[in-house]
Amino acid sequence: MNTAELVLKDQFPGLAGNWHYLDTAATAQKPLAVIDATVRAMGEDYATVHRGVYARSADMTLAFEAARRRVAAFLNAHEDEIVYTRGATESINLVAQTWGVANLKAGDRILLSTLEHHSNIVPWQMLRKKTGVEIDICPITDDGRIDLDAAERILTRAHKLVAFAHVSNVLGSVLDVARAAKLAHAVGARLLVDGCQAAPRLALDMAAFDCDFYAFSAHKLYGPTGIGVLWARKDILDAMPPWQGGGAMIDRVTFEQTTYAPAPQRFEAGTPNIIEAIGMATAMDWLSAIGLDRAERHERDLAALLRSELRKRNDVTLFGPDDALGIVSFALDGVHPHDLGTILDEEGVAIRAGHHCAQPLMEHLGVPATARASFGLYSDEADIEALLKGIERTRRIFG
């Protein structure tokens, strides 16, 4: 543990005390910079946005839209391609219920992968009920990556959408987004990427990725809950019908007819998450100042160290690739992950135990659940030492 890591950890009030937080893939702890920004936005700066004629409302509107520009810069995209949502789940549902309903029909096909989070499975199943579209599943490799060679063999002109996770929330495996986009576009399909686990760990570049939709949640990248982003190509957004109706997404309303605002406002009905948008932009500033390259390197190194230590045990099964990014899933022989998680909690160690909203992947792995340790920029070797100590205690309890 070096001094820089200690100073970084001190920026997180949620990590005070002898607590080892290894559940960042579920939600990241918040740095003081984000906490302070949201408190100011909720307090001394607070007003609603867009329609107030008084100065504070105008100032808050400027801050709110500046946050959108910050998101665009974070993605190397344009601000009119940024739709605020409640999170990645809502972003994917928005695409399914607008673009999907408008463009997909019986006989069309969607390609998902074995490792997808439920948020990138269930919306497409709901769309299947509504439109008759069919769903195909791309397998994963033996070490837990989406098998793009298999995807190339599976894809046909009938496929209109490919929806893959950028980083697996269970295995930590990383998708080659640019290649996935090339494969999808070769058959005329769109590519949607679930970027929840990638956004806090990898530099994102929509121009280089060449995907069509990208979704993520702010709370996993050190920002507030209740807000996320859907990025989509401007021409696609412009052609998508609105999803929810109400204030802010309209041009003109009469009882006979309503006309709608242009994208992205067309998809942001109602009073927006003002405070959360400012908090998300602050989190991006904080993360970018540290460096996404540092985040990736730091979390790969910690995951590699934990995998190396667990591999020394003959009672642990590891899942995922050796170069997993910030996430390590494993099973301790003869111990249910929930029992392990409970004992670790007594040791001041927080992990995730369960199916991780990826039940089809659990079925593929042949386990009901796994234990998952996931790292953030504030994580260090002391967290791993505490985890290993807790695993050893669990082994003694269960024999």
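Close-up 1. Helices here are DSSP runs of H or I with at least four residues, strands are runs of E with at least two, and both are numbered from the N terminus. The model is a predicted one, in which local features need pLDDT of at least 70 and side-chain atom pairs count only at pLDDT 80 or more, while totals for chains, interfaces and linings use all residues. Residues are numbered from 1 along each chain as its sequence is written, and side-chain values use heavy atoms, with hydrogens and water left out. Within helix 7 (residues 177-186), the residues Val177, Ala180, Ala181, Leu183 and Ala184 are buried, a term that stands for under 20% relative accessible area, with exposed meaning over 50% and partly exposed in between (1.4 Å probe, protein chains only). Seen down the helix axis, these buried residues fall within an arc of 165° and therefore line one face of helix 7, the arc being that of the directions from the axis to the C-beta atoms. Their cover includes helix 6 (148-154), strand 5 (159-165), strand 6 (190-194) and helix 8 (206-209), where contact means heavy atoms within 4.5 Å.

**Close-up 2. Helix 11, its span and its buried face.** The 20 residues of helix 11 (residues 292-311) should span 28 Å at 1.5 Å a residue, and the end C-alpha atoms are 28 Å apart, which agrees; the expected span is 1.5 Å times one less than the number of residues. Buried in helix 11 are Leu292, Ala295, His298, Glu299, Leu302, Ala303, Leu306, Arg307 and Leu310. Because these buried residues fall within an arc of 160° when seen down the axis, they line one face of helix 11.

Close-up 3. Alanine 263 and proline 264 are joined by a cis peptide bond, with omega about 5°. Proline 264 belongs to the loop between strand 10 (258-260) and helix 10.

**Close-up 4. Two loop residues with positive phi.** Most residues other than glycine have a negative phi, and most peptide bonds are trans. Asparagine 76, although not a glycine, has a positive phi of about 50°; it sits in the loop between helix 3 (55-75) and strand 2 (82-85) and, at 43% relative accessibility, counts as partly exposed. Histidine 356 likewise has a positive phi, near 60°, and is placed in the loop between strand 14 (352-354) and helix 13 (359-365), where its 7% relative accessibility makes histidine 356 count as buried.
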